[in-house]
Amino acid sequence: MNDNNNDLPQNDDVFDHALVKSGEVMPGVIHLLPVTSRPFFPGQAVPLMMEEAHWSPTFNSMADKSTSILGIVLADAPTAETAQPEDFRRIGVVGHVHRIQQIEDRLQVLVEFVQRFEIQKVMTSTDPFIAQVDYLPEPSGKPNREIKSYALAIINTIKELLPLNPLYAEELRMFLDRFGPEDPSHLADFAASLTSSNKKQLQGVLEAVELLPRMERVLVLLNNELEMARAQHEIRKSVEERMDKQQREFFLREQLKSIQQELGIAKDDRTAELDKFTERLESLTLTKQAQERLDEEMDKLAMLETGSPEYAVTRNYLDWITLLPWGKHSEDKLDMAYARKALDKDHYGLDDVKERILEFLAVGIMKKEISGSIVLFVGPPGVGKTSIGKSIAEALGREFYRFSLGGIRDEAEIKGHRRTYIGAMPGKFIQSMKEVGTENPVIMLDEIDKVGASYQGDPASALLEVLDPEQNSEFLDHYLDLRFDLSKVLFLCTANQLDTIPRPLLDRMEVIPLSGYIASEKLQIARRYLLPRQLERAGLKRSQVKINAPVLRAIIEGYARDAGVRRLEKQIGKIVRKCVVKILEGAKTPISIQKEELKEYLGNPLFREERSITGPGVVTGLAWTAMGGATLTIEAVKTHGFNRGFKLTGQLGDVMRESAEIAYGYIIGHAEEFGADPGFFEKSFIHLHVPAGATPKDGPSAGITMASALLSLARGEQLARPLAMTGEMTLTGEVFPVGGIREKVIAARRTGIKELIIPKENQGDYEEVPEHIRKGIKVHFVAHFEEMVPLLFKKPRKGTRKSL
């Protein structure tokens, strides 16, 4: 032991004894040392590592009593140092301490275990632990046939373990030096100590004093260990085989490469890359600037080491340049009949839109070349803006590429990153050109009205160069730093509204509006396109599910009144999926959907019959939203006569509030002229409300509607017949034009209103509305509010016109 440690016994002779035999007389009171990792067995000689500061009093106490006998017991505690007497297991193993050696702040204690013992009483509550014990004698006598059989099974299992792990052979040699295979008790203990079983299983073997149950447990543990050793051996063998194979293949490849280089039939990685780029260039027609830059970069690549960072940057740059379609064009299909067929194949209606597209294609056919252009489709969601772009690409026979601009806030998404940045890439437009492989594709820019801006730049401003026919022939991407021709690209953009598109960007595009569909158009679209598509997606035949026209019409009216057909398709898809469930559950086909069953398939209707609100002060207006046209009921009532006042509710914006105040002032000034009591407003508090109150509203087009509601209230007379109106009004009563006439007419038709009042200056806009939408609708065009009074009431009351 270490002579410098005064706390430990200074005389090693105390622990220097000959090997203790199991038959020797052992003391009834011994020192205990708890362990927490695993128990030990008689016949083992094990070096234990203990904390010196904690356990040196135990060994000092043993030295004072001139004893080397030490009991080792398993403790159910996190560490040996925290173990208490109540944590000790009942049965442990006693041993003889042969040597104690200090290694830094730990003690290495060599103990030879001799015999099992059972704790009768722990005499101390803190260390050093001293206990009164009884010793459990090992079985003696000649073993019977059953024990011999178990011993033979244990020996055979150990023999199977030996080839799998060389450590087993060393431990077996040490066992045979001290005991023989004819000693079944020590054989069982030795076999248990070989295994990597958990401490609970090993303690079970230690507590099995009777030999036969002990050998049964040991044999189970040995077989588990054998299976685990075999699995580890297979894994190790598989890994070694793979490693050997990889090493062999590596050496063979290196040898083959050396032989090929010696014969001049192989190239190194750099030469192979340069040859690949040169091969790509054979089918390209580069500009002079691009060719010069390419030559410079290829010369640089030829001099760089393949492992340098600059090599990877230059290689990626050359890869991008040579993958772009310099001078490659797809041949356009200059066939009007084919173009019309392609547009009609996937779209019903939209005749005016198709005509404008065909006019554009006709010019290209006449010139024998369709030049690049920028077209903007504007309309509510679900009207077919994106799908009509695909049809245009098909009609032209061009490649189609689509990406969304919605939410883009970084200018680099458009014009690319500069090559100095790690992970730099070209912008979306150069990426799309690489993807399609031609210089004249159709590129669709979805959601151009939702482009954002941030500290990283303004993508909308970056789009100005791309979408300008005068500039995009020399589009400069920051990554390429080369001029690339985008002038032959047909750009198709989509938007829900024009208000959020910057004016300079909007000026560069040809705007084609796509309004919403009326019920009859939706019905045809559902029958021709939506229902067959949903049946195909569900794996059904058309003969298996039947949805007739009245049922489709009920779906449109009750569940899908929006301007587009996206919601209608979702509702049809929901019905088809429920039909699939029924068919799989054994329902007979065809399944015919009835109107009465719609509630079962789709739940309660989302839209109900619009309540007909009539009476003095109630007028229906027409509004435009990003979702299409809509009707708007405006109500005006007199709340009390205590004082004069005017109140507005319904989440109205500033412009709409100004329109209401203009209408209020104008009607007060001309009440007598329009047949109302001139004193009505003097002591009336007027409340004007625009439902629904939770929806924000703004815009000038409700001016004449508000004025009509106030006049109806002042006259105490409701409108002569159902009609709707739209138009901006000035302080002098002039009716100014408004936008969204097409959408508003569709909204009126959708809700069953057959008579409209529209500003006279919007007559041209109304005449552009398709004939089938205008059919059956009576329209009055007015230039001044006084022209409206005879249209609003049955018997206009004559008054005196006031001069202002």
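Buried means under 20% relative accessible area, exposed over 50%, and partly exposed in between, with a 1.4 Å probe and protein chains only. This is a predicted model: local features need pLDDT of at least 70, side-chain atom pairs count only at pLDDT 80 or more, and totals for chains, interfaces and linings use all residues. Residues are numbered from 1 along each chain as its sequence is written, and side-chain values use heavy atoms, without hydrogens and water.

**View 1. Ser-258 in helix 6.** Ser-258 lies in helix 6 (helices are DSSP runs of H or I, at least four residues; strands are runs of E, at least two; both are numbered from the N terminus). Ser-258 counts as partly exposed because its relative accessible area is 41%. Leu-343 is 85 residues from Ser-258 in sequence and 61 Å away in space, C-alpha to C-alpha.

View 2. Met-243 is partly exposed, at 42% relative accessibility. With Ile-235 and Val-239, Met-243 forms a nonpolar patch on the surface, with about 260 Å² of accessible area together. Patch residues have over 30% relative accessible area and no salt bridge; like charges are joined within 9 Å, nonpolar side chains (Val, Leu, Ile, Met, Phe, Trp, Tyr) within 5 Å. A salt bridge is a side-chain nitrogen of Lys or Arg within 4 Å of a carboxyl oxygen of Asp or Glu. Areas come from the Shrake-Rupley method with a 1.4 Å probe; for residues, only the protein chains shown count as cover.

**View 3. The alternating strand 2.** In strand 2 (residues 45-51), Val-46, Leu-48 and Met-50 point to one face and are buried. Strand 2 pairs with strand 5 (residues 106-122) in the antiparallel sense over 7 bridges (pairing takes at least two DSSP bridges). Met-50 stands opposite Leu-107 in strand 5.

View 4. Five strands form an open sheet in the order 8-9-12-7-13, with parallel pairing. Strand 8 (400-404) and strand 13 (510-513) are the edges, each pairing on one side only. The twist averages 20° from one strand to the next (axes are lines fitted to C-alpha atoms, for helices over the stretch in contact; angles run from 0 to 180 degrees between N-to-C directions).

**View 5. Strand 12 and its partners.** Strand 12 is largely enclosed by the rest of the structure, because 6 of its 6 residues are buried. Leu-490, Leu-492 and Thr-494 lie on one side; Phe-491, Cys-493 and Ala-495 lie on the other. Strand 7 (residues 373-378) joins strand 12 through 6 bridges. Phe-377 stands opposite Thr-494, and Val-378 opposite Ala-495. Strand 9 pairs with strand 12 over 4 bridges.
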